[in-house]
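Keep the viewer open as you read.

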Amino acid sequence: MSEAYEAGLRTALDDENFAKLTALRNPKLHQFIADAIERCTPDSVFVCTDSEDDVAYVRRRAVEIGDETPLAIEGHTIHFDGFRDQARDKANTKYLVPPGVDLGANLNSIGRNEGLAEVRGYLKGSMVGREAIVRFFCLGPTDSAFSISGVQVTDSAYVAHSEDLLYRTGYGEFKRLQDSGDFFRVLHSAGELKDSVSANVDKRRVYVDIEDDCVYSVNTQYGGNTIGFKKLALRLAIRKADRDGWLAEHMFVMGAHGPGGRVTYFTGAFPSACGKTSTAMLPGETIIGDDIAYLRAIDGQARVVNVEYGIFGIIRDVNPEDDPVINEILTNPGEVIFSNVLVKDGRPYWLGMGCELPGEGTNYSGQWRAGNTDDAGKAISPAHGNARYTVSLKNLSNLDSRVDDPAGVPAQGIVYGGRDSDTWVPVQQSLDWAHGVITMGASLESETTAAALGQEGVRTHQPMSNLDFVSVPLGRYVQNHLDFGARLEKPPLIFAVNYFLKNQHGEYFNGMADKGVWMKWMELRVHGDVDAIRTPTGSVPMYADLARLFREVLSAEYTQEQYNEQFVLRIPENLAKLERIETIYRTDVPDTPEVFFETLGAQRAGLADAQKRYGDYAAPSQFHEESVS
Ligand code: OXD
Ligand code: MN
């Protein structure tokens, strides 16, 4: 080891931890940790290897230092984030860009030197009096073409413990790396704490150094801003994927079970809090992952892996009926970290759990009573709308057997879905790969939710549900998807779903369980087992197939009237959407590929033609006569 780093490391590492670090013969790693120590000046550093003892130490520390408190059920703990630290901070998450680099108007960036000076300033001395924890993880299955190694230094035992549930261990991977500098680094400090929560959230920053594969996060605890290998590393992975010709996506991966025992693998991109986890957890299907996927073209086939190994899930509306598997885990002994729920007598309570919540307890505001209000006079909800649970996949009864396959699983279908009250039909298939990428993925819109700070219910553009994390110019990101398809012999089919369509009284057309039917229909389409009706926006199911699937999957009747109401092509709404999307790309995305506008143009022409023939609202049966594919 170079003497320059050794002296720095020796200031905070005892012999045992120093030995664990030097067993990894990696100068860039040593430099990163020495720099973190010099900047943040922790009292001590714990280097966590993959050993059970080390992992248990982190879990214990989280309770000892008050980052987590045990709950009544064995293995369950609660962590609270500060009152104003309850979601991803989009405004203060920025890319550090060197002079001359422009990521485009839709990506939040700051000059690299200015940003580094600011965030490093906030990190200075931030760990005084505390222990820093060093954790190593592997993104994707270990020792595979997909694997990326990552190291995080954090002073939050909650963050380090969460990562333990969420990722595959990576100390062994770092041994394999030897002296290679090809890994992600994340430095996090919760900053000054008051009552165990970050005190200076006005100085909360998440800065992504795209030049250096490094992320800095400070003055925050909320997992989406701090858990290094979730959305922080996703932003780095998107750059790496852009360089190396693959895709890093905000997607679940799941196996849909079809006739004769076949398993068909789907990935799906939905903005946060729009049904992504609950789709991946559909009863009767098997889960590989619920949030982040890497896709590679291998021998002409799209292969996909789950980057993670656990779920940092939104707990709101998890109940025994709609989410039996998760509910089972959350109500039985085993390792679960709850965050920002209401706690009363050692029990966690959350919104939509299917029972009445107590009128008082401890929550993200401290001691809470029904009727308590915030500074603006707004009632404080008993549990936060973005309250979470963190669990490892290994405890799930519906885990797919191929979750660790180093070659990934074949991606046969891709699903895009947002929170859309009035435009898209519940499910449709794109006309081809480019049509799906452009009109479904890149044109996805969604109404905002509690997963990011800011007003809820506002319609926003959410290309591939990944805009919050895209770290290359958007037009190039779209082009990368088009190119990816071109490398495949048979690209996955692309579908768009909409679980949030409402009637004229503002009520949802569909129940939560209906998505199970859409999934079965998509599975059948992948194998050409059912026909569809080709409309200008995509191919939609035939009524008879859905009626049969509703009976088979949900033992429910699905009437022709329901079908007509749900699958009517809403032409004015679709035209307005095209207009919005075209304006965004023409105004803000200078590098948009020309085929993008051509495809929108063709869709517009198809819609205008249908409008002339059938009026504003065209029933699927009207298209049925035209063409069945
Ligand atoms: C998440 C998010 O936590 O997208 O997965 O916010
Ligand atoms: Mn997510």
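Start with arginine 59 and glutamate 335: they form a salt bridge, and their closest N and O atoms sit 2.9 Å apart. (A salt bridge here is a side-chain nitrogen of Lys or Arg within 4 Å of a carboxyl oxygen of Asp or Glu.) Before going on, some housekeeping: this is a predicted model, where local features need pLDDT of at least 70 and side-chain atom pairs count only at pLDDT 80 or more, while totals for chains, interfaces and linings use all residues. Residues are numbered from 1 along each chain as its sequence is written, chains are lettered from A and ligands numbered from 1 in the order in which they are written, and side-chain values use heavy atoms, with hydrogens and water left out.

Now zoom out. The chain splits into domain 1 (3-243), domain 2 (248-310 + 403-624) and domain 3 (312-394), with bounds from an automatic or database domain assignment. Between domain 1 and domain 3 the count is 1 salt bridge. Taken over C-alpha atoms, the centres of domain 1 and domain 3 are 26 Å apart. Their contact (heavy atoms within 4.5 Å) draws 27 residues from domain 1 and 30 residues from domain 3.

How much area do domain 1 and domain 3 bury between them? About 2300 Å², with 62% of it on carbon and sulfur atoms; buried area is the accessible area (1.4 Å probe) that two parts lose on being put together, summed over both. On the domain 1 side, Phe83, Gln86 and Leu165 lose the most area to domain 3, together 28% of what that side buries.

Next, the metal. The manganese ion (ligand 2) has Lys231 (NZ), His250 (NE2) and Asp291 (OD) as its protein donors, 2.2 to 2.3 Å away. Donors are N, O and S atoms within 2.8 Å of the metal (3.2 Å for Na, K and Ca); water is not among the atoms, so sites may look incomplete. Histidine 250 is in the loop between strand S14 (247-249) and strand S15 (252-257), and aspartate 291 in the loop between strand S17 (286-289) and strand S18 (293-298), so the pair ties together parts 41 residues apart in sequence. (Helices, H or I with at least four residues, and strands, E with at least two, are DSSP runs numbered from the N terminus.)

Back to salt bridges: the structure holds 38. One joins arginine 112 to aspartate 209, with the closest N and O atoms 2.8 Å apart. That pair links helix H5 (residues 112-123) with strand S12 (residues 205-209), its partners being 97 residues apart.
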